[in-house]
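Hello,

Here is the model for your files. Please keep it open while you read the notes below it.

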Amino acid sequence: MAHELDIIPGTEWGFFTLPRPMCIAGPCSAETEEQVMETAKGLNAFGIHVFRAGIWKPRTHPGSFEGVGTPGLKWLKKVKETYGMKVCTEVASEKHVLECIKYGVDVIWIGARTSANPFLMQEIADALEGTDIPVLVKNPVNPDLDLWIGALERLNRAGLRKLGVIHRGFSTSAPIPYRNDPGWKIAIELRTRYPKLAFFADPSHMAGDRKYLLELSQRAMDLGLDGLMVESHCDPSCAWSDAKQQLTPHDLQTLLESLVIRDNTSENEAYKEGIDALRTRIDVLDENLIKLLADRCKVSGQIGQYKKDHNVAILQAGRWEQVLSDMIEKGKALGLSEECVSAIMNAIHDESVRVQNRVLEGD
Ligand code: PEP
Ligand code: MN
């Protein structure tokens, strides 16, 4: 079922300026007034318009620094007044929302542990009803696209139309170099379903280490995402939370300047003709692929019938392993990766087993 969202694109909120990336930057946590003001000054100096800082911090262990709480909102207000920046923080309850409204926070974001919780999402949506504050929803910690969309729907039903998302990767136990699995596939799926949603990547929480920030930010831009939320601190190594992943404002500026930003599309006539011709070729190839698959299914059905007539089991593992490894070798010779051939052939084989089962049950 398609879940409609009635959204105002980020470019119409009045403060994200193009060209890409739209950038939100600031420390993981507001720690002191000096740290907040010093960081904001550094960011404002090279044109960052939206300042982030966590005021209430969701921490894994009790007793870690859990944020400065409401006093930090006064510092955000001071950032607005001093530098004219918009300010942004994370909320996880009705109380947080009411405090943010009271102190004039311009944008709020919902953290990954909160967007995974429909009770909290509903509480936040109810508290926001009647405002038009932009809300950015981080992906839930687990790779559940429906849960992410459900969080957006709750806000949208409460009348919020300035909605966006922040992709910060998913928890994983797999041995990967990053803190969270980028799982770009889910982000692309969401982007395709809701092209109007302001779409940010958070390379900081994805990476967990500043050495990966550039490659992840570049990837986000290559995928055509609108913006980045990056953690930046005036003195990263002394940060009270997420010290390893934060950048000084100066290093953030260097990172942003070294990104290669490609256009999402081009109005150039020669480009349009060229891309149309290539797409026509792809469409023809796709049609041929589908016809070939249909032919293959017919033969699978005939094999099923033949096995049935001779009382032979459908699954013959040895044979399938042989076919798969032959195809992987042939694919490699043609420049196709093992991953690609194996995923496609396994999907085809699953369908073939289904077709043969149907023949077997069809008496
Ligand atoms: C954050 O942005 O500081 C934060 C806690 O992020 P996440 O919810 O992605 O872990
Ligand atoms: Mn953080």
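Phe16 is buried, at 7% relative accessibility. Buried means under 20% relative accessible area, exposed means over 50%, and partly exposed lies in between (1.4 Å probe, protein chains only). This is a predicted model: local features need pLDDT of at least 70, side-chain atom pairs count only at pLDDT 80 or more, and totals for chains, interfaces and linings use all residues. Residues are numbered from 1 along each chain as its sequence is written, chains are lettered from A and ligands numbered from 1 in the order written, and side-chain values use heavy atoms, without hydrogens or water.

Aromatic cluster

Rings of Phe, Tyr and Trp (its six-membered ring) pair if their centres lie within 6.5 Å; planes under 30 degrees apart count as stacked, over 60 as edge-to-face and the rest as tilted. That rule gives seven aromatic pairs. Trp13 is buried at 7% relative accessible area. Phe15 is buried too, at 12%. Ring pairs link Trp13, Phe15, Phe16 and Phe200 into a cluster.

Cys28 sits in the loop between strand 1 (22–26) and helix 1 (33–44), and His205 in helix 8 (residues 203–207), so the pair ties together parts that are 177 residues apart in sequence. Helices (H or I, at least four residues) and strands (E, at least two) are DSSP runs, numbered from the N terminus. Both Cys28 and His205 are buried.

Asp242 lies in the loop between strand 8 and helix 10. Asp242 has a positive phi of about 50°, although it is not a glycine.

Gln245 is in the loop between strand 8 (227–231) and helix 10 (249–258). Gln245 is buried, at 1% relative accessible area. Its side chain makes a polar contact of 2.8 Å with the side chain of Glu231, and another of 3.3 Å with the side chain of His205. A polar contact is a pair of N or O atoms within 3.5 Å; within protein, one must be able to donate a hydrogen and the other to accept it, and residues adjacent in sequence count only if both atoms are side-chain atoms.

Ligand 1

What surrounds ligand 1? Its shell holds Cys28, Arg52, Lys57, Glu90, Trp109, Gly111, Ala112, Arg113, Lys138, Arg168, His205 and Glu231. A residue joins the shell if one of its heavy atoms lies within 4 Å. By class, the shell has seven charged, three nonpolar and two polar residues. Asp, Glu, Lys and Arg count as charged; Ala, Val, Leu, Ile, Met, Phe, Trp, Tyr, Cys and Pro as nonpolar; the others, Gly among them, as polar.

Arg52 has a polar side-chain atom 2.8 Å from a ligand 1 oxygen. For Lys57, a side-chain N or O atom is 2.8 Å from an oxygen atom of ligand 1. For Arg113 that distance is 3.0 Å. The protein covers 97% of the 290 Å² of accessible area that ligand 1 has on its own (Shrake-Rupley method, 1.4 Å probe).

The chain and two other spots

The protein chain has 13 helices and eight strands. Its C-alpha trace spans about 80 × 50 × 40 Å along the principal axes. Of its 363 residues, 46% are buried.

Asn311 is in the loop between helix 11 (269–309) and helix 12 (317–333). Asn311 has a positive phi of about 55° and is not a glycine. Asn311 is exposed, at 73% relative accessible area.

Leu147 belongs to helix 6 (residues 145–157). Leu147 is partly exposed, at 22%. Leu147 and Ala116 are 31 residues apart in sequence, yet 6.4 Å apart in space, C-alpha to C-alpha.

Best wishes
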